[in-house]
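Thank you for coming; please keep the sequence and the structure open while I talk.

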Amino acid sequence: MLSRRIIPCLDVRDGQVVKGVRFRDHVVMGEIVDLALRYRDEGADELVFYDITASPEGRGVDRGWVEKVARVIDIPFCVAGGIRSVDEARAVLHAGADKISVNSPALERPALIDELAAAFGVQCVVVGIDSLRDADGEWRVRQYTGDPTKTRALARRTLDWMVEAQRRGAGEIVLNCMGSDGVRAGYDLEQLSAARVICQVPLIASGGAGAPEHFRDAFVDADVDGALAASVFHSGAIAIPALKHYLHECGVAVRR
Amino acid sequence: MSVVLVDAGGTNIGSVRYALQRLGVDAALTSDATTIRRADKVILPGVGAAGPGMARLRELGLVEVLRGLTQPVLGVCLGMQLLCAHSEEGDTACLGVIPAPVRRFVDAPGLRVPHMGWNTLSIRQKHPLLAGLDDGEQAYFVHSYAVPTGDYTLASSGHADEFSAIVARGNFHGMQFHPERSAAVGARLLRNFLSL
């Protein structure tokens, strides 16, 4: 039976792991390789590294740390941030990443998703979507969220973009619900459930985890395949072994 | 012991190489026929699609070389599928050393494709490759095509239907999951392969 995945997310800036609240006010959480090893030892199923400054600054991912992580880590990991061409993606994959995730550059030029899927297969291609509910009640996509001064609200509806991304070759979708991110009040179950209906590829919940019950709700109520979280893991508020024990007791299939 | 990784252009070559290094084995990356024939163990990694994978092996002149190998060979993920007879992916004739088809997961309600994540291994046959592996242990899969179960299946996994997770026929072996990304379970299976 396929397990639901617990995925610590490590936001990377200038070679260190950082975390902000509602994408702002970043504080340093630790060194990349140290944290990667810690999560591997605790039983994380996968890791995601976001170079949060790459896209707004118009530069690619600094790849030195990708190879360092690949050498020591024996669980899968995904790299995101500023990948805007097949060549850049190839360099990150050859450095040892298992998947690459595209977000803002795919919004600039959606054909990037087709090109990546054709070059590497859909299983390597993750599309990250930053989404916020607007005053009219619609969820819409945000771009360049790594830097609040550069973040743009797009007219594109989140669910429309999710359909298009899959059609173009996304092998997995990470839906980051910005309204709940960093405030630890739970994942946005309404939005995730709406996404689940139209998402045929694996769907990963992001934004809002604050307690073990939030993970259970995302898996049981919104039927997501994985749940991503950062601050609750970095701060030690939730330990992964205890979280998995709890989920197992709730009847959720997890790797232990 | 010399272990070679066949450079068929897959993007997971680095990961497999690092996994072997963690086991104390420095595997050479090569597409040279003589080096491959002389190796004690041959690993065919692979991420990507079957058609381009076979095209690359043909360009390199490695199709007959790989078919003729007599030492232990391990195909990983797409590498395992390339050892099979035929893949539905791009209607591709493969190496044919394991008499199995490769089929796309059939669309079913609620079934997510690609099959991505940690899934349980059900042991179907005793084999030295599975030494120390307990039934129900988990490995990391990422794939949209799969090999149905058959007499070549050593261990299976389930995604709607059961499919082959580990296969063997003679000196040819395959793992559909990524042992290089399957934590302690993957390390044990790789070590078992190196001990064959």
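B:Pro114 lies in the loop of chain B between strand S7 (98–104) and strand S8 (115–120), where helices (H or I, at least four residues) and strands (E, at least two) are DSSP runs numbered from the N terminus. The peptide bond that leads from B:Val113 into B:Pro114 is cis, with omega near 10°. As background, most residues other than glycine have a negative phi, and most peptide bonds are trans.

Before I go on, please note that this is a predicted model, in which local features need pLDDT of at least 70 and side-chain atom pairs count only at pLDDT 80 or more, while totals for chains, interfaces and linings use all residues. Residues are numbered from 1 along each chain as its sequence is written, and chains are lettered from A and ligands numbered from 1 in the order in which they are written.

B:Asp91, with phi near 45°, is in the loop between strand S5 (84–87) and strand S6 (92–93) of chain B. B:Ala183, with a phi of about 50°, belongs to helix H6 (residues 183–195) of chain B. Is B:Asp91 buried or exposed? A residue is buried if 20 or more other C-beta atoms, placed from the backbone, lie within 10 Å of its own, exposed if 12 or fewer, and partly exposed in between. B:Asp91 has 9 such atoms within 10 Å, so it is exposed, whereas B:Ala183 has 23 C-beta neighbours inside 10 Å and therefore counts as buried.

Helix H1 (residues 13–22) of chain B is largely enclosed by the rest of the structure, because 7 of its 10 residues are buried. Among these buried residues are B:Gly14, B:Ser15 and B:Leu20. Just after H1(B) comes B:Gly24, with a positive phi of about 85°.

A:Gly96 is in the loop between H3 and strand S6 (99–102) of chain A, and it counts as buried because it has 25 C-beta neighbours inside 10 Å.

The contact between the chains takes 27 residues from chain A and 28 residues from chain B. On the side of chain A, helix H2 (64–72) and helix H3 (86–94) each supply at least two residues.

My last stop is a pair of helices in chain A, H8 (residues 212–220) and H10 (residues 240–249), whose axes come within 10 Å and cross at roughly 50°. The axes are lines fitted to C-alpha atoms over the stretch in contact, with angles from 0 to 180 degrees between N-to-C directions. H8(A) and H10(A) are therefore oblique to each other, given that angles under 35 degrees count as roughly parallel, over 145 as roughly antiparallel, 65 to 115 as roughly perpendicular and the rest as oblique. A:Pro212, A:Phe215 and A:Arg216 of H8(A) make the contact with A:Leu243, A:Tyr246 and A:Leu247 of H10(A).

Technical notes: Two residues are in contact if their C-beta atoms, placed from the backbone, lie within 7 Å.
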